[in-house]
Amino acid sequence: MAKPLLPDELWNRIEPLLPPPKLRRFRYPGRKPIDNRKALIGILFVLKTGIHWEDLPQEMGCGSGMTCWRRLRDWHEAGVWKALHELLLAELNAADQIDWSRAAVDSSSVRALGGGEETGPNPTDRSKPGSKHHLITDGGGIPLATTLTGANAADIGQLKPLVDAIPPVRGKPGHPRSRPARLYADRAYDSEPHRNWLRARGIDPQLARRRTSHGSGLGRYRWVVERTISWFHRPRKLRLRTEWRANIHEALMSLCCSLICWSVLTSSLRACKTITR
């Protein structure tokens, strides 16, 4: 049997984060709006299959594709996806699933059909329009933050925004944590000013240097972010960008981060139940 797109346990975490519905007029209230859970199922279906919003099957009962698109936009503006990501990170932190001893950062380019906001000529794809996903993970590959730029943007330019985008992660007594002890990155992030910037924030920079021989050993720590990027591009809507608006694509990126966190969390919970039996 196929897995449900939106399990009850995940919906129970999302529902309290959604903004309250708009009050309907007493006279001439119009058509009743689609249920939030059904709309979210439609969003997840489009995210995973990569179909156009207008092609969302009506047989699913999720309303029209544009209704789901508007819910995705409105919930992103209301900070729902950011709050969901922080909630799941807190649960992972409480379960000792976040490795703060180190973090890794990397990026990956995707083609953008028809261009759009935050796109640029991809130097690795014959200058075709593309975007670049920048990602920072903990030592185990859990996504902590993402940013979106054009495909021609330099990786080093997103190092500071990525580190600053890590939310304060709760889940344990004391102050929330948002800084790893060390940060690993490849040669694209070689910059002495950025090393000093990281040190000023209590982060030990482990950035590979240009014009040095390979075999530094940093790859055994950086591979986790490359694996997470492969998870990040499993949904076809992120593997090939078809959204013109940057905020819609960023909403899908944030939602995907939460789905990866949810997958890791449920795997750890299943493992704990197996051990305690």
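Trp 75 is buried, with a relative accessible area of 4%. Buried here means under 20% relative accessible area, exposed over 50%, and partly exposed in between (1.4 Å probe, protein chains only). A word on ground rules: this is a predicted model, where local features need pLDDT of at least 70, side-chain atom pairs count only at pLDDT 80 or more, and totals for chains, interfaces and linings use all residues. Residues are numbered from 1 along each chain as its sequence is written, and side-chain values use heavy atoms, with hydrogens and water left out.

**Exercise 1.** Work out how Trp 75 and Trp 81 form an aromatic pair.

*Solution.* Start with the cut-offs: rings of Phe, Tyr and Trp (its six-membered ring) pair if their centres lie within 6.5 Å; planes under 30 degrees apart are stacked, over 60 edge-to-face, and the rest tilted. The structure holds two such pairs. In the one formed by Trp 75 and Trp 81, the centres are 6.0 Å apart and the planes make an angle of 75°, so the pair counts as edge-to-face.

**Exercise 2.** Find which strands pair with β3.

*Solution.* Strands are DSSP runs (E, at least two residues), numbered from the N terminus, as are helices (H or I, at least four). Two strands pair if DSSP finds at least two bridges between them. Now go one by one:

- β1 (residues 103–111) runs antiparallel to β3 over nine bridges, and Ser 108 has His 133 as its bridge partner in β3.
- β2 (residues 120–121) is also antiparallel to β3, over two bridges, with Gly 120 opposite Gly 130.
- β4 (residues 143–150) pairs with β3 in the antiparallel sense over seven bridges, and Ser 131 stands opposite Gly 150 in β4.

**Exercise 3.** Is β3 (residues 129–138) mostly covered or mostly uncovered?

*Solution.* Count the buried residues: nine of the ten in β3 are, so by the under 20% cut-off the strand is mostly covered.
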